[in-house]
Amino acid sequence: MNGVLIPYIRRICENDWVFRIVLIAGFVLPLLYILRTELIHDNPRDFRYFWAAGRIWAEGGNPYRSEFSEIAGGFFGIGSLHRWLYSPHTWLFVRPLAAFDFKTAKILWTFVNAVLLYVGTALTVAAVLDFRQRWHWLAYAGLLLCTVVSVGATMTISLGQFAAFSYVAIAAFAYAVMRGSWVVMTVALILLSMKASLALPFVAYAIAAPRWRLSVLAAGAMSLALSLPALVGDPIGVVEGYLDGLGVYTIYGANTAESVTGLRNLIYHLTGADLSGILLSSGAAVIAAALARWELRQDGPHSPIALTFCLSVIIFLVPMHLYDLILVSVLFVGFARWPVVLILGLALALLFRVNRLSDVLGVTDYDPMSFAGSQLASIVLGLLVVVSAVRLIGQQRTNQVTI
């Protein structure tokens, strides 16, 4: 495969005009796809939560009250919107939405998501490449296109979800670990803490590695400071409501075992058992902390393969949704060399329209209310864990032989 692809890549890089055309296309096509998704497939049912929370805060209310469903539903003339489950410092992003009507706010939200997709991909590539070689720019353009057309990004744009923020956060985390930037790590942890279930393994990793403990403290202090505007008026109610919401997260239809991806989904389909999402996130945290401690005992710079294994385990264990699968792109950190990058490419291709492939392959979901394709996506995520584990073991054997 190397012999087939590398010569073509070299030719593109050597020809100035061809390189520029390919690079421009790599930047423009994702933008056009995002625009197409916004215009044709716009279904902002999840964005209603963010806009409604912003409106409630703007009016001096508390979106963590049990009446959130009734109040938010009143904005749209519908019965319910469940609960507001994000952290208080998401006020920073959702409060400004209240200045606009719903349609305008959704357009702005899509623009922000588009910027985040570009930034997250740049951080992912920059974690292991330096952009001083032309093919590194082509890698960025190619990964960006794969990311934007994936089912995760498409659903995020269409539904108005928060996943692009998580994508940037994890990409920043990977960049910080590989480049040793405590400032970027602090920003990553602040963004990650906006979604508690996802943040737990990354915080555990950072605490387990002494070099990142200052970032953990700084991120905690800054997150608290950013939360202060949300606490004004009803601080106890906000804290109690937020903690209560975390406790009932899994009872909603969109968060059941059939609707999420990863180990929880697979175990449910295989045995009928429904593992606790908190238990799985805690397990991912233990593994992440153990990997961080193991890395401290290794000689030389931090291994991108070890980080990729850690990230793949987290993505597999922490219950997520199809729109969260943008995060798979961050695995490029460890798959940035040929021919292993093809594995990631195939995974992204499979996740491109996993719901359609699920029907074709007969890997169907039992509950028509669940996210179609979640079971097949879970299998792919499990295979990525296996591939990254094999790469890590192979690297260790190579290091031992070298020594």
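Mentor: Residues 24 or more positions apart account for 74% of the contacts in the chain with a separation of 6 or more. The model is predicted, and its chain holds 19 helices and zero strands. Of the 403 residues, 52% count as buried.

The mean pLDDT of the chain is 83, with 83% of the residues reaching 70 or more. Among the elements of the chain, helix α1 (residues 2–14) has the lowest mean pLDDT, 58, whereas α10 has the highest, 96. Where pLDDT is low, predicted coordinates should not be read in detail.

We may now turn to the pair itself. Two packed helices are described by the angle between their axes and the distance between those axes. Helix α9 spans residues 163–179 and helix α10 spans residues 182–192; their axes come within 8 Å and cross at roughly 150°. Angles over 145 degrees count as roughly antiparallel, and α9 and α10 are therefore roughly antiparallel to each other. Their crossing is left-handed.

Which residues make the contact? From α9 come Phe-165, Val-168, Ala-169, Ile-170, Ala-172, Phe-173, Tyr-175, Ala-176 and Val-177. Helix α10 contributes Val-184, Met-185, Ala-188, Leu-191 and Leu-192. In the contact of α9 with α10, 14 residues are nonpolar, while no polar and no charged residues take part.

Terms used:
Residues numbered from 1 in each chain as written. Predicted model: local features only at pLDDT ≥ 70, side-chain atom pairs only at ≥ 80, totals over all residues. Heavy atoms only, no water. Axes fitted to C-alpha atoms, helices over the stretch in contact; angles between N-to-C directions. Helix = DSSP H or I, 4+ residues; strand = E, 2+ residues; numbered from the N terminus. Parallel < 35°, antiparallel > 145°, perpendicular 65-115°, else oblique. Left-handed = near helix turned anticlockwise from the far one by under 90°. Contact = heavy atoms within 4.5 Å. Nonpolar A, V, L, I, M, F, W, Y, C, P; charged D, E, K, R; others polar. pLDDT = per-residue confidence, 0-100. Buried < 20%, exposed > 50% of the residue type's maximum accessible area, 1.4 Å probe, protein only.
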